[in-house]
Amino acid sequence: HIALAPPKTPFISNVTGTWITPEQATSPAYWAEHLRRPVLFEAGMRTLAADTTLQFIEVGPGQGLTALARANLAVAAGADGARQRIECIGKLLLDQ
């Protein structure tokens, strides 16, 4: 038995592409859908890009998600700021 609780740290739902709600996070039906539905990566990136106070950081081997984020945000309205944030983080990581 797994006890579900609302998240303490907000995150983007791969099912909706928006911020997860406490109701979704605690619903077994939501998590079943999460396993069955495609990831809405572009919608999630657009949700994150809408908040200019956030930064994008890719953690892990390679730069696969950074390239995908850059490609998705390049076509989005107002993507210049988001793209600039991605490029700055990328440069920061490469300089280390």
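Q: Which residues make up the largest nonpolar core?
A: In soluble globular proteins, nonpolar side chains tend to be buried together. In this predicted model, the largest such core has five residues. Its members are M45, A49, F56, A69 and L73.

Q: Which helices each supply at least two residues of this core?
A: The core includes M45 and A49 as well as A69 and L73. Helix α3 covers residues 41-49, and helix α4 covers residues 64-74. The helices that each supply at least two core residues are α3 and α4.

Q: With which residues is M45 in contact, leaving aside its neighbours within four places in sequence?
A: M45 belongs to the largest nonpolar core. Once the neighbours within four places in sequence are left aside, the contacts of M45 are with F56, A69 and L73.

Q: How many helices and how many strands does the protein have?
A: From the N terminus on, the elements run α-α-α-α-α. The count is therefore five helices and zero strands.

Q: What percentage of the residues of the protein count as buried?
A: Buried here means under 20% relative accessible area. The protein has 96 residues, and the share of them that counts as buried is 25%.

Q: What part of the accessible surface belongs to carbon and sulfur atoms?
A: The accessible surface of the protein comes to about 6800 Å². Of this surface, the part belonging to carbon and sulfur atoms is 61%.

Q: Among contacts between residues at least 6 apart in sequence, what percentage join residues at least 24 apart?
A: The contacts considered here are those within the protein between residues at least 6 apart in sequence. Contact itself requires heavy atoms within 4.5 Å. The share that joins residues at least 24 apart is 48%.

Q: What is the geometry of the aromatic pair formed by Y30 and W31?
A: The structure holds one aromatic pair. A pair of aromatic rings is described by the distance of the centres and the angle of the planes. For Y30 and W31 these are 4.9 Å centre to centre and 85° between the planes. Planes over 60 degrees apart count as edge-to-face, so the pair formed by Y30 and W31 is edge-to-face.

Q: Which residues are linked in a network of salt bridges?
A: A search of the whole structure finds three salt bridges. R36 forms one of them with E33, with the closest N and O atoms 3.6 Å apart. E33 also forms a salt bridge with R37, where the closest N and O atoms are 4.0 Å apart. The linked residues are E33, R36 and R37.

Q: About how many helical turns separate R36 and E33?
A: Both residues are in helix α2, which covers residues 28-36. R36 and E33 are three residues apart, so the separation is about one helical turn.

Q: How far apart are the closest N and O atoms in the salt bridge of R46 with E42?
A: R46 and E42 both lie in helix α3, four residues apart, about one turn of the helix. R46 is partly exposed at 37% relative accessibility, and E42 is partly exposed at 33%. In their salt bridge, the closest N and O atoms are apart by 2.6 Å.

Q: Is E58 buried or exposed?
A: E58 lies in the loop between α3 and α4. Because its relative accessible area is 17%, E58 is buried.

Q: With which residues is L65 in contact, leaving aside its neighbours within four places in sequence?
A: L65 has its place in helix α4 and counts as partly exposed, at 48% relative accessibility. L65 and F41 are 24 residues apart in sequence, and their C-alpha atoms are 9.6 Å apart in space. With the neighbours within four places left aside, L65 is in contact with F41 and E58.

Definitions and conventions. Residues numbered from 1 in each chain as written. Predicted model: local features only at pLDDT ≥ 70, side-chain atom pairs only at ≥ 80, totals over all residues. Heavy atoms only, no water. Core = buried A, V, L, I, M, F, W, Y, C linked by side-chain atoms within 4.5 Å. Buried < 20%, exposed > 50% of the residue type's maximum accessible area, 1.4 Å probe, protein only. Phe/Tyr/Trp six-rings, centres within 6.5 Å; stacked < 30°, edge-to-face > 60°. Salt bridge = Lys/Arg side-chain N within 4 Å of Asp/Glu carboxyl O. Areas by Shrake-Rupley, 256 points an atom, 1.4 Å probe, with all protein chains shown as cover.
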